Amino acid sequence: MNRRTDTPPSRETTANRLLASSAKLSYDPDVDIDWDAPLEPGKYFVPEQLVTLYGTELWGRMSQEQRIELSKQEMINTISVGIWFETILIQMLMRLAYRKDPTTAHVHYAYTEVAEECRHSMMFGRLIDRVGGRPYRQDLRWYLLGQVLPFVLRGPAMWAATLMGEEVFDVLQRDTMRDENLQPIVRAVMRIHVTEEARHVRYAREDLLRGMGRVNRLEKEFARLVAARGALLLATSLTRREQYERAGLNGREAQRQARANPNMHEAFRHGAGRVVGFLTEADLIGGPTKYFWRRSKLIV
Ligand SMILES: [Fe+2]
Ligand SMILES: [Fe+2]
């Protein structure tokens with residue numbers, strides 16, 4: 001069996017395969033999702049065991065309606081973070097295309113991925129509206145980060161950030177897509193997202209590995225730092241206080257219980273397992289920045 005970090009094919013080989021896949025299997029959420037189908041009462045929006053308070057003392061005291069409402073708020077929060085992240089990724093991909101040869105398949109695939117991410121963000125926005133929710137705004141520091149990252153991230157550091165944004169959500173969205181007890185419209189959105197994201201992950205992983213052969217010590221440590229800070233940012237964002245408040249809970253107490261919840265830590269480790277395996281093999285988890293990984297609870 002091939003290791004995940006075996007020498008990747010050339011840039012053009014990867015990009016040509018991904019372009020062929022995009023041509024064969026892409027979606028237009030406007031027409032491929034039945035936006036008029038009614039929501040089904042009594043159904044969760046994410047799998048129950050992935051809700052951050054699942055199994056806590058507070059969860060035991062919540063009514064079924066309140067649990068479902070929290071699952072909806074957490075779903076909205078996740079895709080709000082998804083839109084924020086995709087907007088940054090789009091900028092990074094456009095800057096990559098701007099620097100490189102526009103006749104190459106590598107650049108053509110960057111454009112293709114941008115087009116897919118634009119459709120995803122529209123689809124997520126439409127889903128938030130469809131379930132009767134409001135998007136979560138990221139705080140000012142995050143917006144400033146989003147202004148800076150596209151200018152400073154290149155090569156393996158850029159791909160490490162990309163994979164932190166794509167892979168954890170991808171694993172959790174696969175669970176959501178498969179769970180037949182959930183709202184059908186949410187499952188339909190996740191199915192589209194998961195299908196197209198598989199290509200994005202491959203584009204990022206293979207180019208990260210190509211770049212690793214060329215980085216110096218400092219660049220490698222920087223890529224490690226970016227991945228580790230990404231882990232922490234992810235954990236912080238998924239337990240945002242406001243989502244508990246919108247579900248009618250005491251935000252401070254709910255956030256405290258969620259962050260100490262062993263079930264949630266397990267769900268995080270499950271979601272992060274795949275990217276942690278890849279980044280470990282690529283030698284991008286290690287050294288002092290491992291501290292942030294531990295604090296994020298994405299690894300033990
Ligand atoms: Fe996406
Ligand atoms: Fe993506």
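The residues that line the largest pocket divide into 22 nonpolar, eight polar and ten charged, where Ala, Val, Leu, Ile, Met, Phe, Trp, Tyr, Cys and Pro count as nonpolar, Asp, Glu, Lys and Arg as charged, and the others, Gly among them, as polar. This is a predicted model, in which local features need pLDDT of at least 70 and side-chain atom pairs count only at pLDDT 80 or more, while totals for chains, interfaces and linings use all residues. Residues are numbered from 1 along each chain as its sequence is written, chains are lettered from A and ligands numbered from 1 in the order in which they are written, and side-chain values use heavy atoms, with hydrogens and water left out.

To stay with the largest pocket, its volume is about 1000 Å³, and of its 40 lining residues the closest to the centre are Trp 142, Arg 229, Leu 232, Leu 233 and Leu 234. A pocket here is an open set of points on a 1 Å grid over the protein atoms alone, where a 1.4 Å probe fits, with protein on both sides within 12 Å along at least five of seven lines, and lining residues have an atom within 4 Å of a point; the volume is the space filled by probe spheres set on the points, which are joined across faces, edges and corners. Helix H9 (217-238) is among the elements that give two or more residues to this lining, and H9 gives the most, with eleven residues; helices are DSSP runs of H or I, at least four residues long, numbered from the N terminus.

The second largest pocket holds about 320 Å³ of space, and its lining of 18 residues has Arg 154, Gly 155, Pro 156, Ala 157 and Val 215 nearest the centre. H7 gives the most to that lining, with five residues.

Now to the metal site. The iron ion (ligand 1) is coordinated by Glu 86 (OE), Glu 117 (OE), His 120 (ND1), His 193 (NE2) and Glu 197 (OE), at 1.9 to 2.3 Å, donors being N, O and S atoms within 2.8 Å of the metal (3.2 Å for Na, K and Ca). Of these residues, Glu 86 in helix H4 (residues 64-99) and Glu 197 in helix H8 (residues 184-212) are 111 residues apart, so that the pair links distant parts of the chain. Both Glu 86 and Glu 197 are buried, meaning under 20% relative accessible area (1.4 Å probe, protein chains only). The iron ion (ligand 2) is 3.6 Å from the iron ion (ligand 1), and Glu 117 coordinates both.

As for confidence, the mean pLDDT of the protein is 94, on the predictor's scale from 0 to 100 for each residue.

Note on methods: Buried means under 20% relative accessible area, exposed over 50%, partly exposed in between (1.4 Å probe, protein chains only).
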